Amino acid sequence: MNASDDTDASYLDGNAMGGPLAELFAPDLTAAMIICANCGNEKPLAAHPVYPDAPAMVVRCPGCTSVVMRYVSDQRGVRFEMTGVRLLTIAERSDQPA
Amino acid sequence: MRPPDWPGHVAGQHVDVRLTAPDGYTAQRSYSIASPPEQPEVDLIVERLDDGEVSPYLTDELRTGDQIELRGPIGGFFIWPEHSDTPVQLIAGGSGVVPFVAMLSHHQETDSPVPVRLLYSVRTDADVIARDELRPRNGVDVVLTFTRDVPAGWDGPRGRIDRDKLVGHTVSPDQRPAIMICGSTPFVEAVTRELVALGHPVDRIKTERYGGMGDGS
């Protein structure tokens, strides 16, 4: 793709949250299912758009675009906010195809 | 690389590389692991971005024996579907092919019976990554499409991945393939949209977007 047809290439996806969240949680969370507290949409974290260039890494709902998580690691330490998550489910096995 | 205490990885995982300047400024990027789990050394393939903060150091400055700060292996979502009972369709744009290099090597090392196809969009012949690992073989179909300069004598597909190329060179929806797409954000969005339009259920499609702006595929 060329820059000319990038409507919004400034975001990544929840795969990029795997490393940062490994600072806080032992299991991998990229395959975890997340239910949005705002709209009830359920998707794996990896399928959420992630905006890495805000002051925090901001994870948004792929359904309603509301903020589901924010993560910052800086001189003050690691801060993680997830009030936008109603339920997070880690499957017993996450290596199976969807 | 030979990371100490490496726990082993699965094909498709990535690592985070962190560089710290003398003044304390840090920059961090994610890179997919290119080597299969069966290989003791961990290989990364890094595309140099002229305006990048990390890749020019890794490609120009880093020397054998140097140490870098790594976090990983990371990821339990965008990984090879080890026990798939349907064909696997991989679709790559540019350096998005790197996790698939690990998957195809793993597929070969384990004599996997799972049929796999790769459709790989790349700018020019000189941009093709890991040519040896991407050779078609029994059970593995690899199709390249060149988006900028087409090599002399090439009679295969050319131009970006569009609906016609997906119909002609990927596993059809009736076979319910497990689909994995990796590339720049616009690439992933465009290919996903076309696959869904062709009738692939969205829950059969796994995607990984990378932030390397300026990739031509």
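View 1. Buried means under 20% relative accessible area, exposed means over 50%, and partly exposed lies in between (1.4 Å probe, protein chains only). This is a predicted model, in which local features need pLDDT of at least 70 and side-chain atom pairs count only at pLDDT 80 or more, while totals for chains, interfaces and linings use all residues. Residues are numbered from 1 along each chain as its sequence is written, chains are lettered from A and ligands numbered from 1 in the order in which they are written, and side-chain values use heavy atoms, with hydrogens and water left out. The partner of B:R71 is A:E23, and the closest N and O atoms of this salt bridge are 2.5 Å apart. A:E23 sits in the loop between α1 (18-22) and β2 (33-36) of chain A, and B:R71 in strand β3 (residues 69-74) of chain B, so the pair joins two chains. A salt bridge here is a side-chain nitrogen of Lys or Arg within 4 Å of a carboxyl oxygen of Asp or Glu; helices (H or I, at least four residues) and strands (E, at least two) are DSSP runs, numbered from the N terminus. A:E23 counts as partly exposed, at 46% relative accessibility. Strand β3 of chain B also holds B:P73, and the peptide bond from B:G72 to B:P73 is cis, with omega near 0 degrees.

**View 2. The salt bridge between the side chains of B:R48 and B:D60**. The N to O distance is 2.8 Å. B:R48 belongs to the loop between β2 (26-32) and α1 (55-61) of chain B and B:D60 to helix α1 of chain B, so the contact ties together parts that are 12 residues apart in sequence. B:R48 is partly exposed, with a relative accessible area of 37%, and B:D60 is partly exposed at 32%. Over all chains, the whole structure has 18 salt bridges.

**View 3. A salt-bridge network of A:D13, B:E189 and B:R209**. Between B:R209 and B:E189 the closest N and O atoms are 3.1 Å apart. B:R209 is placed in strand β8 (residues 205-210) of chain B and B:E189 in helix α4 (residues 185-197) of chain B, so this pair ties together parts that are 20 residues apart in sequence. B:R209 counts as buried, at 15% relative accessibility, whereas B:E189 is partly exposed at 25%.

**View 4. The largest nonpolar core, with 32 residues**. Such a core is a set of buried Ala, Val, Leu, Ile, Met, Phe, Trp, Tyr and Cys residues joined through side-chain atoms within 4.5 Å. The members that touch the most others are B:L90, B:V97, B:F100, B:M103, B:L118, B:Y120 and B:L134. At least two core residues each come from β4 (88-93), α2 (98-109), β5 (116-122), β6 (140-146) and β7 (178-184) of chain B. The largest share, five residues, is supplied by α2(B). Leaving out residues up to four places away in sequence, B:L134 touches B:V97, B:V101, B:L104, B:L118, B:Y120, B:I129 and B:V142; contact means heavy atoms within 4.5 Å. Another core, of 17 residues, lies apart from this one and has A:I34, A:M57, A:V59 and A:Y71 among its members.

**View 5. Helix α2(B) and the residue B:D111 that follows it**. From its first C-alpha to its last, the 12 residues of α2(B) reach 17 Å, close to the 16 Å expected at 1.5 Å a residue (the expected span is 1.5 Å times one less than the number of residues). Of these 12 residues, 10 are buried, so α2(B) is largely enclosed by the rest of the structure. Among the buried ones are B:P99, B:S105, B:H106 and B:H107. The buried residues of α2(B) pack against β2, β4, β5, β6, β7 and β8 of chain B. B:D111 lies in the loop between α2 and β5 of chain B; its phi is positive, about 50 degrees, although it is not a glycine. With a relative accessible area of 67%, B:D111 is exposed.

**View 6. Chain A, with one helix and eight strands**. From the N terminus on, its elements run β-α-β-β-β-β-β-β-β. Of the 98 residues of chain A, 38% count as buried. A:T65, in the loop between β5 (57-60) and β6 (67-74) of chain A, is a residue other than glycine with a positive phi, near 65 degrees. A:T65 counts as partly exposed, at 48% relative accessibility.
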